[in-house]
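Hi,

Here is the model I promised to pass on. Have a look at it first, and then read my notes on the side-chain contacts below.

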Amino acid sequence: CSYQYGGKSADDAVDKILKEAKMKEWPLEMIFCVGCCGCSSDEICRGYVLISDTLVDISAGKLEKDEFIAKEVARDMNNQWSQRVLHCEEKADSPVIKVKRADCILSGTLVIKNEKVAKDLRGDRELVGIEMEGWGIAHNLHQKNKCDLPGTLTKKDFLIVKGVSDHAGSDKSTHQSTLFLGKQTGPVDDDKRQEIATLQSTALVCRAIATHM
């Protein structure tokens with residue numbers, strides 16, 4: 001769970017986890033990164049969980065005034081598991097979790113607070129998630145040799161599944177959050193929105209794993 005991670009600490013945390021997993025011979029097959037994200041889209045996506053087949057690493061980019069000078073590196077994620085999460089079985093008595101497929105998940109070390117910057121990063125894409133942890137997983141998996149990875153992990157065996165807590169760059173003070181289709185009454189502060197988004201993404205991944213294990 002990447003809640004409260006971000007920036008450089010995400011890269012360091014994943015490196016430590018992978019080294020420990022290798023040392024202790026954990027039989028890892030897949031890495032899921034759950035938590036909260038912002039999004040850039042023409043439609044409102046708060047209350048949804050985003051998944052995609054592609055993570056775009058923007059950690060090498062830099063912000064200059066109101067312009068983000070991006071250096072994008074696209075990384076493929078595990079397509080089989082993205083399909084499983086997107087279409088996992090929903091039991092009749094299970095809470096409804098709304099899911100959207102994003103064009104990609106943008107991931108880097110900076111908090112994107114400017115709406116223009118968020119739209120520039122989205123470009124011609126219809127819907128992108130924006131977060132700060134996934135690039136650490138992609139970077140570590142691609143930098144390490146196969147023999148240094150624990151279990152059967154390969155460079156593509158990861159998936160970023162994030163609940164939308166806000167629209168990147170917009171005014172967050174008046175945002176409402178949705179928990180399993182039930183709107184929270186009144187404005188919800190940052191911490192609460194992030195907790196709700198993290199809970200929804202975690203619940204979705206647990207449901208997918210339970211369905212396909």
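Lys100 makes a salt bridge with Glu43, with the closest N and O atoms 3.3 Å apart; by salt bridge I mean a side-chain nitrogen of Lys or Arg within 4 Å of a carboxyl oxygen of Asp or Glu. Lys100 sits in strand S7 (residues 98-101) and Glu43 in the loop between S1 and S2, so this pair ties together parts that are 57 residues apart in sequence. Lys100 counts as buried at 17% relative accessibility, while Glu43 is partly exposed at 41%. The cut-offs there are under 20% relative accessible area for buried and over 50% for exposed, with partly exposed in between (1.4 Å probe, protein chains only). Lys100 also lies over the face of Tyr48, 4.6 Å from the ring centre; a charge counts as over a ring if NZ of Lys or CZ of Arg is within 6 Å of the ring centre and within 35 degrees of the ring normal.

Before I go on, some housekeeping. This is a predicted model, where local features need pLDDT of at least 70 and side-chain atom pairs count only at pLDDT 80 or more, but totals for chains, interfaces and linings use all residues. Residues are numbered from 1 along each chain as its sequence is written, and side-chain values use heavy atoms, with hydrogens and water left out. Helices (H or I, at least four residues) and strands (E, at least two) are DSSP runs, numbered from the N terminus.

Back to the salt bridges: the structure has twelve. Another one is Asp42 with Arg122, where the closest N and O atoms are 3.3 Å apart. This pair links distant parts of the chain, as Asp42 is in the loop between strand S1 (31-41) and strand S2 (48-51) and Arg122 is in helix H3 (residues 115-122), 80 residues away. Asp42 is exposed at 73% relative accessibility, whereas Arg122 is buried at 9%.

Elsewhere, salt bridges with shared partners join Asp15, Lys19 and Lys144 into one network.

Now for helix H2 (residues 79-86). Which of its residues are buried? Trp81, Ser82 and Val85 are. S1, S2, S7, strand S10 (158-167) and helix H5 (190-212) are among the elements covering them, contact being heavy atoms within 4.5 Å. At the start of H2, a side-chain oxygen of Asn78 comes within 3.1 Å of the backbone nitrogen of Gln80.

Trp81 deserves a note of its own. Its relative accessibility is 9%, so it counts as buried. Rings of Phe, Tyr and Trp (its six-membered ring) pair if their centres lie within 6.5 Å, with planes under 30 degrees apart called stacked, over 60 edge-to-face and the rest tilted; that rule gives one aromatic pair. Phe32 and Trp81 have ring centres 5.3 Å apart and planes at 85 degrees, so they are edge-to-face. With Phe32 in strand S1 and Trp81 in helix H2, the pair ties together parts 49 residues apart in sequence. Arg84 lies over the face of Trp81, at 4.7 Å from the ring centre.

Cheers

Terms used:
A polar contact is a pair of N or O atoms within 3.5 Å; within protein, one must be able to donate a hydrogen and the other to accept it, and residues adjacent in sequence count only if both atoms are side-chain atoms.
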